[in-house]
Amino acid sequence: MTYDPTGHLLLTPVDQEAPARVRRLRELGLGERPDPAFDAFADRLAEVTGAPYSMVNFIDENRQFFAGLHTPTGTHSGTHSGADLAAHGTVSRYMARDHGYCPHVVVRRKALVLEDVCDYPRFAGNPVVDEIGIRSYLGAPLIDRTGTTLGTICVVDTEPRPWGRAGLETIKSLAAELVEQIHRREDGRI
């Protein structure tokens with residue numbers, strides 16, 4: 001883990017697995033372009049959880065890429081602008097690796113539930129809180145058959161959300177379902 005110059009805010013964790021992840025994502029042909037199947041999965045994820053925003057997120061050394069994305073308006077921009085959501089209701093397919101909570105999920109290899117990010121000093125200072133207005137997060141890792149954490153699925157809201165145990169179980173179950181879909185794709189069964 002690293003800290004900012006003031007020594008207070010916990011920043012994005014060091015990701016030792018990133019080079020192996022990038023190789024595996026390239027093998028699978030993932031993480032470089034939007035995918036209609038992943039957009040459909042993100043739509044379903046939003047519907048199941050009732051969240052306004054959901055993502056299928058692949059992470060490399062420098063950035064996050066939302067290969068699947070659901071927004072309330074269906075509007076997606078191609079390049080990152082942290083103010084997109086707050087100002088225009090659009091969400092970029094790209095986000096810096098030090099923004100958001102998915103990089104924590106990838107490194108921890110465990111689901112993360114933040115019903116109100118402001119309740120957690122460790123996460124409240126993340127740039128997505130002030131720049132985008134994110135107040136709640138629910139995400140789970142996508143760990144494939146090689147043991148590589150490819151990325152995450154997640155849902156976010158601009159209001160606190162009581163995800164609870166049911167939300168945690170739902171996001172973990174849906175992550176396992178998506179990993180199986182990726183495996184079927186790799187095996188040529190889709």
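I started with the aromatic cluster, and found Tyr101, Phe123 and Tyr137 in one. For pairing I counted ring centres within 6.5 Å, using the six-membered ring for Trp. Planes under 30 degrees apart I called stacked, over 60 edge-to-face, and the rest tilted. My search of the whole structure gave 4 aromatic pairs. Tyr101 and Phe123 make an edge-to-face one, 5.6 Å centre to centre with 80 degrees between the planes. Both Tyr101 and Phe123 are buried (under 20% relative accessible area; exposed is over 50%, partly exposed in between; 1.4 Å probe, protein chains only).

A note on the source: this is a predicted model, where local features need pLDDT of at least 70 and side-chain atom pairs 80 or more, while totals for chains, interfaces and linings use all residues. Residues are numbered from 1 along each chain, and side-chain values use heavy atoms, without hydrogens and water.

Next I looked at helix 2, residues 36-49 (helices are DSSP runs of H or I, at least four residues; strands are runs of E, at least two; both are numbered from the N terminus). Which residues of helix 2 are buried? I listed Phe38, Asp39, Phe41, Ala42, Leu45, Ala46 and Thr49. They cover an arc of only 160 degrees around the axis, so they sit on the same side of helix 2 (the arc is taken from the directions from the helix axis to the C-beta atoms). On the other side, I noted Pro36 and Glu47 as exposed.

Last, I checked what follows helix 2: Gly50 does, with a positive phi near 75 degrees.

Notes:
The expected span of a helix is 1.5 Å times one less than its number of residues.
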